[in-house]
Amino acid sequence: MPETSNNNLGTQSVTLFATCMIDQMAPTVGESTVEVLEHLGLQVKFVDQQTCCGQPAFNSGFRSESLPVAQRFLELFEAVDGPIIVPSGSCAAMVRNFYTDLFRHDQDLVERARTLSERLYEFTEFIDHFFGSDAIAGSCDDRVTYHKCCHLLREIGIDEQPLEMLSNIDGLEMTPMNRADVCCGFGGAFSVKMPDISSAILEEKLDNIEATKANRVVAGDIGCIYQIEGGLRRRGSTTRVLHLAEILSESIRNRKTGKATE
Amino acid sequence: MKPLTINFRSKAAQTIGDEQVQNSLEHVYTGFYQGRINAAADTPNWEELRTKGKAIKDHTIAHLDHYLDMFSEKVEQSGGTVFFADNAEEARQYITELAKDRDIETVIKSKSMVSEEMSLAENMNDSGFETIETDLGEYIIQLAGETPYHLIAPAVHKSRKDVAELLDKDFEDGDRVPDATELTMLAREQLRDVFARADMSVTGVNFAVAESGSITLVTNEGNGRMSTSVPRIHVAVMGMEKIVPSIQDLSTMLRILIRSATGQRISTYVTMVNGPKTPDEEEGPDEFHVVIMNNGRLKLLKDPLLRESLNCIRCGACLNACPVYRKVGGHAYGWVYPGPIGAIVTPVITGLKDATNLPAASSLCGACHEACPVKINIPRMLLELRHKTAEGLSDPDERTSKFVERAIWKTWRIGMMGRGRFDWGARLAYLFMRPFSINGWIRKAPPPISGWTVSRDFPLIAGRSLKSRLNHRHKKEI
């Protein structure tokens with residue numbers, strides 16, 4: 001099944017929007033995303049000029065600063081054809097759901113954002129939609145729990161799909177997290193503007209994670225991943241937090257090299 | 001009520017550090033939040049009902065003047081009196097004058113958030129009318145000299161011991177703490193006597209039905225029903241958004257309100273009042289007054305981006321769902337309405353300048369939007385308010401952002417407008433941060449991210465960007 005394309009996508013080529021954070025802070029998540037997509041038989045293009053979708057400034061209220069960055073994103077990705085894959089629920093939500101508000105004084109931009117959004121997919125959503133949640137087989141021998149990142153869950157609508165994908169990994173033991181759908185307290189600039197509140201919310205999340213006895217936490221948004229991993233590290237925990245793309249690519253590699261369970 | 005929104009941060013910190021209050025706030029999730037989830041799951045057409053509820057509210061708010069006219073006409077036809085109050089002061093004055101004029105001595109109140117806007121009980125007591133809250137939670141809060149902590153559970157932050165100390169003057173530290181039933185009986189004894197001698201009542205309104213001129217009260221204690229039937233004068237106070245067009249609409253709204261509030265299918269009491277007693281009736285009040293209050297609601301109505309907040313039916317579901325509310329508690333929000341919906345209406349009604357922290361205090365997780373029975377898009381409105389405070393484009397007075405903050409975002413924008421600068425910026429940050437890092441993580445970071453490292457390690461920026469890695473990989477392959 002790997003290296004072939006039995007999808008209903010109608011193309012072999014997709015474009016990655018890495019997001020600014022993955023690009024500069026977590027490039028391995030980007031590489032994993034590429035590996036998983038290639039494993040599905042796709043060729044992954046990268047727009048060299050890409051930076052950010054404009055979300056950080058927009059969420060902080062600075063729409064005048066966000067606007068040109070968002071417009072730049074739009075123009076860069078309009079210039080390439082085919083599906084655009086974003087390994088982040090909140091960045092995908094920004095383009096798909098919040099550009100309407102950001103661009104509201106310019107109907108042309110609103111329309112263009114809508115058109116672009118029709119071929120923009122969050123990573124999990126894309127695989128689930130075109131290949132199915134059982135498209136990726138692999139193996140790893142971790143005890144894993146899954147955190148439902150807010151924007152991925154509530155703005156994009158990805159709920160149980162990642163759990164279905166993880167259930168396809170041989171040797172992986174899922175352990176359910178209490179209140180998996182409750183926020184981790186990240187919230188972008190909120191995490192540094194109101195650290196007391198952000199941390200109090202995080203502590204509850206960390207308690208729920210530690211109760212699962214998982215050695216790995218899987219999540220879908222890099223901000224939340226750093227919030228949770230940063231908190232776990234501060235507690236001295238050895239539990240690590242991974243993006244879904246990371247655990248999938250690792251499991252595919254394990255399967256190929258015969259590492260991990262069978 | 002005097003807004004204290006400016007104290008948000010200190011109040012929030014205080015609550016986060018209070019273990020007992022944190023334990024009480026747990027019940028908001030395990031009780032109310034889970035209750036709503038279960039009730040929704042048991043209601044086959046739940047999403048349909050929410051959609052219907054939203055449509056009813058959208059329609060009513062869009063034709064508010066029409067339905068307010070219809071309602072007041074109907075109230076007057078059935079022998080009641082309607083007073084439109086532009087603000088809390090006018091409403092208070094009307095009620096106080098009425099009490100003076102009718103030689104009232106004792107006023108009983110049932111739960112009403114609108115009356116909190118007027119600080120009514122406090123003011124009536126100061127004006128010489130014995131005024132007593134009869135909702136158990138409100139009674140506890142009144143004894144404590146506090147304001148409600150939650151839209152439907154005003155004393156949710158109080159422990160049983162706190163309540164025992166308030167209700168029983170003889171209670172001493174070390175005594176056995178009475179259970180909930182014993183405490184309720186204690187309050188009941190104290191309140192029975194008040195009910196018997198009260199000659200005026202002030203109640204809230206959950207819904208006002210335009211086509212019939214009736215008001216509806218949803219309670220679990222029966223105090224609302226006694227308040228509307230025992231004293232000779234009944235004054236119902238409501239915000240102008242509380243209207244529904246028809247009885248049919250009322251039935252939809254009651255279904256979603258009660259399930260969203262407590263998880264019950266129906267509350268113990270649902271009381272409908274249609275004017276004072278008629279000559280052929282033996283029971284009921286001699287006079288029935290409805291005070292309909294604006295108090296800043298027109299500001300919300302006039303703003304197309306914030307108008308949806310008037311759809312709120314005050315069920316409290318957004319509070320229960322909110323991770324921020326569950327940590328900072330109700331008093332941090334500094335005015336009558338706490339939680340996500342409070343973070344929208346409070347700044348608009350009391351002034352955005354002092355309340356900047358309210359819309360800022362959100363992770364934008366969207367749990368409020370998901371929980372809202374009438375699907376109010378709260379995160380979207382929080383973003384609108386943040387936009388106002390950051391840039392003040394429509395009203396420069398609303399801009400509260402600091403120069404440093406504006407400079408940071410300007411720099412951010414410049415950095416994001418070209419790939420070269422983006423890579424350079426990241427490189428500089430990497431070189432600057434690297435000496436402080438151990439194994440790729442930083443334990444103590446300088447501003448503006450010092451807040452992060454109070455409780456979390458901060459990840460070091462990667463030495464090489466994804467772009468550079470992918471290009472390198474590509475070259476190798478060729």
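**Close-up views of a predicted two-chain model**

**View 1. The contact between chain A and chain B.** In this predicted model, 51 residues from chain B and 54 residues from chain A make up the contact between the two chains. On the side of chain B that touches chain A, the elements giving two or more residues are helix H1 (8-16), helix H15 (325-328), helix H18 (367-371), helix H19 (378-391), helix H20 (403-416), helix H21 (419-433), strand E13 (458-459) and helix H22 (466-477) of chain B. H19(B) provides the largest share of this side, with seven residues. By residue class, the side of chain B that touches chain A holds 30 nonpolar, eight polar and 13 charged residues.

**View 2. Chain B as a whole.** Chain B has 478 residues, and 50% of them are buried. Its secondary structure consists of 22 helices and 13 strands. Taken along the principal axes, the box filled by the C-alpha atoms of chain B is roughly 95 × 60 × 45 Å. Among the contacts in chain B with a separation of 6 or more, 73% are between residues 24 or more positions apart.

**View 3. Strand E4 of chain B and its two partners.** Strand E4 of chain B covers residues 200-203. Met200(B) and Val202(B) point one way from this strand, Ser201(B) and Thr203(B) point the other way, and all are buried. Strand E2 (residues 106-109) of chain B runs parallel to E4(B) and is joined to it by three bridges. Here Lys109(B) stands opposite Val202(B). Strand E7 (residues 233-239) of chain B is also parallel to E4(B), with four bridges between them. Met200(B) has Ile233(B) as its bridge partner in E7(B), and Thr203(B) has Ala236(B).

**View 4. A four-stranded sheet in chain A.** Four strands of chain A form an open sheet in the order E8-E6-E9-E10, with parallel pairing. Strand E8 (173-174) and strand E10 (240-243) of chain A are the edge strands, each pairing on one side only. Strand E6 (residues 143-146) and strand E9 (residues 216-219) of chain A are paired in the parallel sense over three bridges. Val144(A) has Arg216(A) as its bridge partner in E9(A). Helix H12 (residues 222-234) of chain A lies across E9 and E10 of chain A, and runs at about 170° to E10(A).

**View 5. The two domains of chain A.** Chain A is divided into domain 1, residues 13-128, and domain 2, residues 138-257. Taken over C-alpha atoms, the centres of these two domains of chain A are separated by 22 Å. Their contact takes 26 residues from domain 1 and 21 residues from domain 2. On the domain 1 side, helix H1 (20-24), helix H2 (27-39), helix H3 (55-59), H5 and helix H7 (123-130) of chain A each supply at least two residues. H2(A) gives the largest share of that side, seven residues. The side of domain 1 that touches domain 2 divides into eleven nonpolar, eleven polar and four charged residues.

**View 6. The largest nonpolar core, around Ile85 of chain A.** The largest nonpolar core has 215 residues, and Ile85(A) and Cys318(B) touch the most other members. Helix H5 (residues 89-102) of chain A gives the most to this core, with eight residues. Neighbours within four places in sequence left aside, Ile85(A) is in contact with Val14(A), Leu16(A), Phe17(A), Leu37(A), Tyr121(A), Phe123(A) and Phe126(A).

Technical notes: Residues numbered from 1 in each chain as written. Chains lettered and ligands numbered in written order. Predicted model: local features only at pLDDT ≥ 70, side-chain atom pairs only at ≥ 80, totals over all residues. Contact = placed C-beta atoms within 7 Å. Nonpolar A, V, L, I, M, F, W, Y, C, P; charged D, E, K, R; others polar. Buried ≥ 20, exposed ≤ 12 C-beta atoms within 10 Å, placed from the backbone. Pairing = 2+ DSSP bridges. Axes fitted to C-alpha atoms, helices over the stretch in contact; angles between N-to-C directions. Core = buried A, V, L, I, M, F, W, Y, C linked by C-beta atoms within 7 Å. Domains from an automatic or database assignment.
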